[in-house]
Amino acid sequence: MLSDDHFMKQALLEARYAEEDGEIPVGAVIVCNEKIIARAHNLTETLNDVTAHAEMQAITAAANVLGGKYLTDCTLYVTLEPCVMCAGALAWSQISRIVYGASDDKRGYSKYSDALLHPKTVVVKGVLEEECAAIMKTFFKKKR
């Protein structure tokens, strides 16, 4: 069985792609039955769309692969704690599990309410937290 670290490393790869494109470096993968069915990263600048977060892109891609809107039996791996918008979309998707790296003290959903997620969704926090936080810190240091 592949570990959460393994899949978070794949999400970190996606975050690096975002960074290369001048996007805020957040990456996500969705896994179903030990297979990555969707890979995504932030595209808000590229698409000129404030809703084009990594999680939103991954949800759409995974739903297309599965042929339906529900992501039960799937796990989202994302480098940064989802925002309120993404938490809402993840709730609607009924995703089984969310694994995130770095917490987002300013915009993370948990600042507002853990109840934003589907009641059956299991959340795992802090997987490869240092690496996930470092890519964000480095990006914003370069921006200043």
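Two strands pair if DSSP finds at least two bridges between them. Strands here are DSSP runs of E, at least two residues long, and helices are runs of H or I, at least four, all numbered from the N terminus.

A word on the model. It is predicted, so local features need pLDDT of at least 70 and side-chain atom pairs count only at pLDDT 80 or more, while totals for chains, interfaces and linings use all residues. Residues are numbered from 1 along each chain as its sequence is written, and side-chain values use heavy atoms, with hydrogens and water left out.

Start with the hairpin. Strand β1, residues 27–32, runs antiparallel to strand β2, residues 35–41, and six bridges join them. Two residues sit between these strands. In that turn, Asn-33 has a positive phi of about 55°. Look across from Val-29 and you find Arg-39 in β2.

Next, the parallel pair. Strand β3, residues 74–80, is joined to β4 by five bridges. Here Leu-76 stands opposite Ile-98. β4 is mostly covered, with five of its six residues buried. Buried means under 20% relative accessible area, exposed means over 50%, and partly exposed is in between, with a 1.4 Å probe and protein chains only.

How far apart are the C-alpha atoms of Arg-39 and Thr-79? They are separated by 12 Å, and the two residues are 40 apart along the chain.

Now salt bridges: a side-chain nitrogen of Lys or Arg within 4 Å of a carboxyl oxygen of Asp or Glu. The count comes to two.

One joins Asp-4 and Arg-97, with the closest N and O atoms 2.8 Å apart. Asp-4 is in helix α1, residues 4–20, and Arg-97 is in β4, so this pair ties together parts 93 residues apart in sequence. Arg-97 is partly exposed, at 23% relative accessibility.

Arg-39 forms a salt bridge with Glu-14, and there the closest N and O atoms are 3.9 Å apart. Arg-39 belongs to β2 and Glu-14 to α1, so the pair ties together parts 25 residues apart in sequence. Arg-39 is partly exposed at 41%.

Last stop, the loop between β4 (97–102) and β5 (122–125). Lys-106 lies there. Lys-106 is exposed, with a relative accessible area of 67%.

That's the tour. Back to the structure.
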